[in-house]
Structure formats: C-alpha cells, structure tokens
Amino acid sequence: MQTILVVGNGMVGYKFCEKFVARAESRNFKLVVFGEEPRAAYDRVHLSAYFENRDAKALELAPLDWYSENGIELVVSESVTDIHHTKKTITTASEKEFSYDYLVLATGSAPFVPPIQGIEKEGVFVYRTIEDLENMLAYAEKIKKIKPNGRAAILGGGLLGLEAGKAVMDMGLEPHVVEFAPKLMPRQLDARSSNVMQLTLESMGIHIHASKATNKILGNGAITGLDFGEDDTLVVDMLVISAGIRPRDELGKTCNLEMGVRGGIVVNDKMQTSDPDIYAIGEVALYNQMIYGLVAPGYEMAEVAVNQILKKEDVIMRPEIDMSTKLKLIGVDVASFGIPYMPADKGLSIIYENKTKGIYKRINVSHDGKTLLGGIMVGDAEDYSILHQMYLNDMPLPDNAEELIVGSRGEGGSAFGSAMDLPDTAMVCSCEAVTKGGVCGSVLVDGNETIKAVAMATKATTGCGGCKPMVNDLIKESLKTLGKTVKERICEHFDFSRQELFDIVKLKDVQNFDDLLDDFGTGHGCEVCKPAVAAVFASIYNETANRQDTIQDTNDRYLANIQRNGTYSVVPRVAAGEITPKQLMAMGRIAQKYDLYTKITGGQRIDMFGAKLHELPLIWEELIKEGFETGQAYGKSLRTVKSCVGSTWCRYGMDESVSFAVEIEHRYKGIRSPHKFKGGVSGCIRECAEARGKDFGFIAVEGGWNVYVGGNGGANPKHAVLLAEKVDKAAALTYVDRFIMFYIKTAQPLQRTAPWLEKLEGGITYLQNVVINDSLGIAAELDAEMQALVDSYKCEWQEAIETPEIRERYTHFVNSEETDSNIEFVELRAQKMPKEWA
C-alpha cells in the first residue's frame, strides 16, 4: 500500500481527499492529511456567514467522522516544517517524521501584511480563519464596552476587504474601507462599475477611503488611528488587514523545489513540482506564472492531481484558466467574465448604468458584433450564468446585443433562448467541473428530479452556488422532455404552486392562513409562504392587509415602507400625478407639522419620509380629512398610473391622457397581485409618460389607443409588448382587466409581469388569444372577477384609524407608551435625513 501525504486541510486539500476517496483505486493507498487549524476543513469562501450564527460547524465541509469513515487519517493542530525529498519524508513541528510515496502540498496562502510602522499594535488583525474572526469579535466587544460608537478600518478594498467590511459592520462597529488604488475591487471592476459599487456600499453605511496610502498606525500600545501623511488621519479603534495574499510556499524552499520569482511553487500541467512525486495545488501552486485565488481553479487542480497519482495521465490542466466569477458581496451581486476591460482596438463595449438602483452592466463584443468577449455586472447578476456560457462556448450574439443586458424588446421570449440550447460539453458548474450534459444526464438517466438530488449526485451548485439558477432551469427542461410536470412548489410547507393554492382558496372558500395550513400544508409556515398566501387572499377576497396582519411583510403589516433608521414613509395616492393647489398646501402643512422629509417620486406623487410608528395613524387621519387615501407604495399591488398632460394642454396630444389615467388608477387601486405593477398613459407617440416601460400602458394614436403589456423598469428593464392596436377606450380597458386577472391567477410569487410573459408558453400570441379572442372561454369570468375587486375597494389607512384594535398596533413597545428614543436625524439641504449608522 502506497502512502499519500496531504499538507493543508483547507478547501482545496479537502477537495483532493473527496475526489480521491470517490475513486475505486483509492483503496490501494493510505491517505494522511495535516492541518494547522484545530478543526476539520471548512468553507472559507463564506467565512463572513460565521457572524450570523457564530456556528463553526455550519461552515464545515465535512465533519471529523467523515475522514475516519473514508479511511483518512486527519492530523489537526500540526504544522509540517520540513520536506526531505531524497528520503521521501516530512517532519512536523512536534518533530514527528512521516514517509510518503506521493506528497500533495495544499498549503494555500497567507494574508499579506504590509510593513507599516505600528503593525504590531493591539487591535490589528488579519481576516483569514475562524480563529481570526473569534479574536476580532472578542476585541470588538471590548471596544463597545468602552466606546459605544467604535470604529474599525479595513486595509484593502478588494473582494476580501469588502467581506471584512461587512464583518466589521456585523460586529457593531462603524466600518471604514481604506484602499490604495483609486477604486474598489481594482482587479475585477472598471472605474464606472466600481463607482456604482462604492455608492451602494456607502448607502449601507460603509465608508470608503480610496487613493490612501497608510504610512503609520497610531496609538500607544493599542491602535487609535491611521496616518496617511500630510496631516491626513483616520481615527479608528481596530484595524483588519485584507491587503491581498501570499502563497504559503515555505515548505517548497526547504527541499529546493523550483520557486516563482515572486513566490509560489512552480507546477506543470500535471500539477507536479520540480520533484515529480510532489504535487502542489491551490493558491500555493504557480501555474502559467500565475497564482489563482479562486476556488474553481483550485478544485480543478485537485482533480488533475488525483488522476495523475492514479495514473490517468491524460487528465491535465487546461492551458488557460477561466477567471470568471460571480459572488454576493454584502448583499450586492458582483460578477465578471472573460475580458472585463476591453481596449478599443480589440472590441466594443455596451454599457447599461442605473445609479439610482445601484446597477451596472457591461458586455464587451467583437467589432463585428457577433462574439461576446467578456463583461462586468454589479447590483444585478441574474443573467451571469447564461452570459458566461455564451462566452465560453463562443455562441452567436443576437442581432440586438444590447438586449442581453437591457432585456428583450421583441414579441415575448428571452434574448438568451433556453439553457437547453447550450452544448452538452458546456461547463455549467466550474467549481465542480459539471457540464450541462452531466446535469441533464443526472435527471434523464439517473432519475434525480430536484436540485438537491442533482447536487448530491453531481456536486453541482455545492461550490460558490453561482450556477444554481442555470442548474435549476436545466432540471426543469429535462423533466419536461420526459413528459413530467414541473411543479413550482411555493415552499416546503405547501406542496402546491401559487396557482394551485389560488384555486384551492377560491374553490374551497378558505378564509384564513391557519385553516389553509391545517388542511393543505404542514408545519407553521415561513417568510415565503405567508406573504404569498396573504396576496392570494387579497386577490380573491380583496381583503386588506389589516385583517391577517401576522402573515404580512413588515411594510404591509404597518401600511408603510420601513426605512433604514426604523422610521416609515407615507405616500398618499395622487392619481395620474394630478393634484390641486389646496391638496399640495395641505400635504406641505402636514409634512411640516410632523417634520417629514419630502420628495417627488418618479411615479408622479410625493413621498414623505421620517414618520415614527406611533405617528402613522395621526398623519393618515389628517391626510384623509384633506381628501387623500393610501397610495399603497408598500404593497404588491398597483402603485401608480403615470400620465402626460395629453390633449388637455399639449398641442401634440391625440387624446385626453390625464382623465384616462385617473380613471384607470382609481379602477385598479387596492388590487393585490404577485408583485407590484404600474401603468402609464401617453397622449401621443412621443411617449412622455413612458407607458412602454410599465406593466401595462396606453398610447393614443390616430384611430384609438395602442395597448402594451409586460414591461417594467428597475433591475431588469423590459419594453412592453403590443397587445392590441387602435382600439377604443372601453376595449382597451377590458383587455387590460383580463390581462391583470390572468396574471394574478397564473404568476409565481414575486414575479413581475415581464418575466411572467417571457415564460408564458406561446408568449404574447397566446396572451392575445386568451384576453382578446377568449380562446380559453374564461373572458367573462375574468371580467366578473375584476369588477368584484373594483367594487369592494377599501382604503387600508381609513380602516386602520377607524378600527381600535388595528390602531393599537402602532406603538413602538407592546408594554409601554414610550417612543423609540434611538432614532436620530441630521440636517440635509434644509430638510433632514437619518443619521449614519454607528
């Protein structure tokens, strides 16, 4: 029996063991693993999740029992100090000697600690291990006892630095990210995307200091601040260093292995070092003169090393490593693939930027517009998986390549096509090297029908998780080819889709959540099914959010949107943006009385921010006396119907758009749906009301109204699609009535009309047949259901202030009349804003 020693029990070292013991030939080998840390391997990629529950076991890649069950000898809390390659032995720190036939170095990397004066002071930490985090937590608690508004700096604005910023914020300290470069994430993002990222992080309370070189760490014994030179200092109580990594290559030097000029142990495409019996994998390996700091290349190296040791010598590393990556940093999607930066001589860039939403998308294409070369995504990376596959597989671009980032504007359907269009060899999960064929084969051949089952069989989605949406799509499409019904379960508590629950509630006349759960579900419900079912009750019975308040989202429960400092916004309805001078003055008086921040919205109404919970009924009472009602800005319901002035005032107007918009908004107000929906009415084709960017829109033309549906702005903007043209007002309203009701009855929870229409089999043609030609024979039913909702409208604000038991909910404390004294504001342009988080 031959012996393999693995030095390093991090993610890549563990992956080598996992892949090795999965092979039948492994029983001919003895496997011994050495780890410096006192625990089994854990997920370092998601290290910041430790702050959510302080549970190290939740990060484990495998429990200690796994090693013994698979015949692996695990030696923890033991570092290896020397390699004697002529004798084929190693020595540990406790002076024990072990012999090997093959040696695998998976020692990873260590944080780079820059040589700054004062780096040894108390309160300076690196961000690398669970032990590091525990030490940071203990020190943060010490700071907070002395200084409630403590601050911490993070040295480095790369991936790990921003993760550390989130960690510091979770500890209750004010985070300050200090970056030497002029932008965040300088290796992954261009200047514009980095700026969007910075604005998003700053809005969360993370302070960014770019173009800063730290000269000195201040303090007598313990850190008190950073000195940037020229009297530029930053007062902080703790410092977390995340300034990059350096390969842990010291063992290679003990036996004269070939080393890189700037560090790393040189390996060939078989992952062999200059000694063919010693392999190096992960961040210690220098391949193609590069250290690869991503988990996917490390896992691929582990796979190659396993095959080489087992004499499968045809398995080698690819000449080029794909450095594409998708991750969520502090809740913000960030992704890059291919060539993220595109010199003008190599290609052209198409850019979509929306700073108000914190979204930036850039794709780089060849000069002829036929080939995707790379891209960057910040704030919304939903389409990363398919874009990445298009890049990897050299798939042709659509004629309008901009649709890949701004959405399809055609007759329904996606700009991308289906995931099934990918070749079987397409690498869907780069972390575990699982192809599209592997995922589909797991379903079609092995009978795995859920994402959990496919993950267990193939390991797809178990790495970074970025491939999960595509894997899910492939499973569904594969099941359809088998003639099986793909069920969209609402959650684990209901084995039904939203559409099925809708029918159950309606046909069985179920009136409350507990009865539905008792008769048709299991458990106690969750944050997914409760608001989804609440929306179903509202759509069928038009019941307000006041009746079953415990199943509502926070915003619905209190009929107002909660803001970042615990106050609420108040948004009365201003139908079609039309408001009288008297109403304007009344709103101004009320806002002034309660000291509310006011702002005109993109939906042609006025937001009033900063109301405390106990003030909400008082404000509503005064607004209702002035003729206002709830604008339901908090609900998954109609928000606004935007209009231009139309033929009333405009010389280009073809029809009276304001009156029509007012009529529509009052018709649909209060109607709950799977997601919010908005409308627009433009008086001519100049489209000043942006009706084609709404869920439904009307545009006046010669001969009547053109009706559009399935558009939206936001994170994934889509142009609405033409439903009917040159119809009279009555027909236009009827078609939109039916469209809304059909959407309410068939969409998934939290699905906007645009993706609903995109996924609707038959697209816009099918929808036209349903709502115009009555192909399903349900037009009369849809008409009657809509009219019932219109006739049963109630203002939720009025119901709340007139019903004592509902009004009693609006207190900060259940056992006291006191208000929240922690809410603080600062001045902002003659108004106020929430004080920055401490």
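A salt bridge (a side-chain nitrogen of Lys or Arg within 4 Å of a carboxyl oxygen of Asp or Glu) joins the side chains of Lys832 and Asp595, at 3.5 Å from N to O. Lys832 belongs to strand β38 (residues 831–834) and Asp595 to the loop between α18 (581–593) and β30 (597–600), so the pair ties together parts 237 residues apart in sequence. Lys832 is buried at 11% relative accessibility, whereas Asp595 is partly exposed at 48%; buried means under 20% relative accessible area, exposed over 50%, and partly exposed in between (1.4 Å probe, protein chains only). The model is predicted: local features need pLDDT of at least 70, side-chain atom pairs count only at pLDDT 80 or more, and totals for chains, interfaces and linings use all residues. Residues are numbered from 1 along each chain as its sequence is written, and side-chain values use heavy atoms, with hydrogens and water left out.

The salt bridge count comes to 50. Asp424 and Lys436 form one of 3.4 Å, N to O, and Lys436 is buried at 6% relative accessibility. In the pair Asp249 and Lys253, the closest N and O atoms are 3.8 Å apart; Asp249 is buried at 7% and Lys253 exposed at 53%.

How values were computed. Helices (H or I, at least four residues) and strands (E, at least two) are DSSP runs, numbered from the N terminus.
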